Amino acid sequence: MLSMRAGHWAMSNDVARRIALGAQGFCDRPPRGAVDRRHLRRVMKRLRVLQLDSIPVVIRTQYLPFHSRLGPYRAGLLDRIAYRDDAWFESWAHEASLLPVESEPLFRWMKARAREGHTWKWLHAFASREPAYVQRVLAEVRERGALAPAQLSEPRPAAGGGGWGNRSQGAMALDWLFRVGEVGIRRTGNFEKRFSVLADIVPDSIRNVPTPTRAEAIRALSVQSVEALGVGTASDVADYFRLPIRDVRAALAELVEDGRVVSADVEGWTRPAFADPGAVTPRRIEGARVLSPFDPIVWKRDRAQRLFDFEYKIEIYTPAAKRRWGYYVLPVMVDGHLVARLDVKTDRIASVLRVKAAYAEAGSRAGALAPRVLDALDDLARLVEVEEVRVERRGDLASSLRTQLAGRSASG
């Protein structure tokens with residue numbers, strides 16, 4: 001149910017869920033042939049931001065959102081677009097992220113704030129204490145090109161207070177220069193950073209764009225957030241690019257007044273919502289797919305609970321004895337509903353995708369669900385390039401998955 005009147009929508013939670021999934025590209029027509037650069041660019045145009053993470057338990061998280069929307073593809077395509085074509089660039093947005101390079105002007109105010117000290121205290125303290133050294137590092141990157149911290153002529157060992165593993169002072173200088181917008185990042189090999197001056201990554205046509213004011217940038221990013229979400233609360237909108245909530249509320253009020261955003265009420269939500277006036281409401285969302293823990297559909301956990309009645313917590317940092325679901329648990333979406341969660345690990349030596357635990361959500365019948373979940377696992381196995389899926393015995397969905405696997409083996 002969706003009712004509209006001038007400047008305001010009212011909708012059921014089911015409609016909000018379908019609008020959100022449509023905005024995120026889950027009902028876009030799948031590629032007929034092999035997935036190529038155009039398809040990944042199309043998805044990024046929907047997402048606007050892609051969260052990065054270095055933990056490769058299954059595959060690094062940034063590769064999964066494209067797979068969830070497009071199906072299996074060559075993961076190296078992402079790296080080519082971002083780090084060779086320079087169509088995307090790394091910035092601190094929704095945590096460490098990739099964004100379309102055209103977005104660079106909208107994040108300059110964040111880098112100016114970092115320079116003023118609105119970043120990690122230890123990093124700002126280091127840059128304030130060692131300005132001459134930081135400038136020498138910048139000069140060397142300008143002279144020599146892309147460099148890893150260890151390749152600096154004066155990398156300087158850690159001297160304490162280096163945060164995040166007590167890194168070398170060279171690494172800290174490069175991180176500071178990244179946070180304030182002097183350098184950018186390219187990745188090579190095993191997700192290793194190489195720092196280049198930003199001009200080598202962001203073209204002149206974009207760097208020469210006049211810098212928006214903070215208010216202008218937040219207004220533009222709020223529009224992007226609403227378009228990517230389809231519908232969300234002010235908190236959802238602010239979280240998408242990790243914007244200050246007070247500024248976002250002011251921007252949304254202006255955007256509603258201008259007709260760029262529509263105010264909304266969603267059944268069951270306790271806070272006012274905001275919707276993209278251009279959003280569509282898909283009649284249905286089809287397909288079975290595994291999601292990243294950091295997919296925009298689930299990365300804000302209270303939103304995932306509102307939309308899908310899906311309580312989600314990643315338990316990587318929870319002691320093993322206290323974990324409820326497992327170490328690296330991925331949500332499973334079937335036909336637009338989150339119906340299961342799987343503790344998964346890629347065993348590259350054995351060429352096996354190991355499902356260490358499998359759980360069906362309340363109200364889902366494990367026997368009926370198993371074939372669809374196994375389809376999603378087969379697709380994931382193709383993405384991570386392993387030959388086999390194996391399911392261990394833990395979880396109420398595991399037995400049905402094992403039976404389904406055995407049946408396929410017998411008929412194969």
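Author: Two strands count as paired if DSSP finds at least two bridges between them. The model discussed here is a predicted one.

Reader: How do you know that β4 pairs with strand β5 (residues 95-100)?

Author: The criterion is at least two bridges, and 6 bridges join β4 to β5. The two strands therefore count as a pair, and they run antiparallel. Within this pairing, W92 stands opposite A96 of β5.

Reader: What makes β3 and β4 edge strands?

Author: The open sheet has 3 strands in the order β3-β5-β4, with antiparallel pairing. Strands β3 (50-51) and β4 (88-93) each pair on one side only. Helix α4 (residues 76-83) lies across β3, β4 and β5, at about 85 degrees to β4.

Reader: Why are α10 and α12 called roughly perpendicular?

Author: Helix α10 (residues 214-229) and helix α12 (residues 245-258) pack at an angle of about 70 degrees, and their axes are 9 Å apart. Angles of 65 to 115 degrees count as roughly perpendicular, so the description applies to α10 and α12. Among the residues making the contact are I218 and V223 of α10, with L252 and L255 of α12. The contact residues divide into 7 nonpolar, 1 polar and 5 charged.

Reader: What makes the pairing of R18 and D14 a salt bridge?

Author: The cut-off is 4 Å between a side-chain nitrogen of Lys or Arg and a carboxyl oxygen of Asp or Glu. For R18 and D14 the N to O distance is 2.9 Å, so the pair qualifies. The two residues are 4 apart in helix α1, which means a separation of about one helical turn.

Reader: Why is the pair R306 and D236 said to tie together parts of the sequence?

Author: Their side chains meet in a salt bridge at 2.7 Å, N to O. R306 lies in helix α13 (residues 301-308) and D236 in helix α11 (residues 234-240), so the linked parts are 70 residues apart in sequence. D236 is buried, with a relative accessible area of 2%. Salt bridges with shared partners join D236, K300, D302, R303 and R306 into one network.

Conventions
Residues are numbered from 1 along each chain as its sequence is written. This is a predicted model: local features need pLDDT of at least 70, side-chain atom pairs count only at pLDDT 80 or more; totals for chains, interfaces and linings use all residues. Side-chain values use heavy atoms; hydrogens and water are left out. Axes are lines fitted to C-alpha atoms, for helices over the stretch in contact, and angles run from 0 to 180 degrees between N-to-C directions. Angles under 35 degrees count as roughly parallel, over 145 as roughly antiparallel, 65 to 115 as roughly perpendicular and the rest as oblique. Contact means heavy atoms within 4.5 Å. Ala, Val, Leu, Ile, Met, Phe, Trp, Tyr, Cys and Pro count as nonpolar, Asp, Glu, Lys and Arg as charged, and the others, Gly among them, as polar. Buried means under 20% relative accessible area, exposed over 50%, partly exposed in between (1.4 Å probe, protein chains only).
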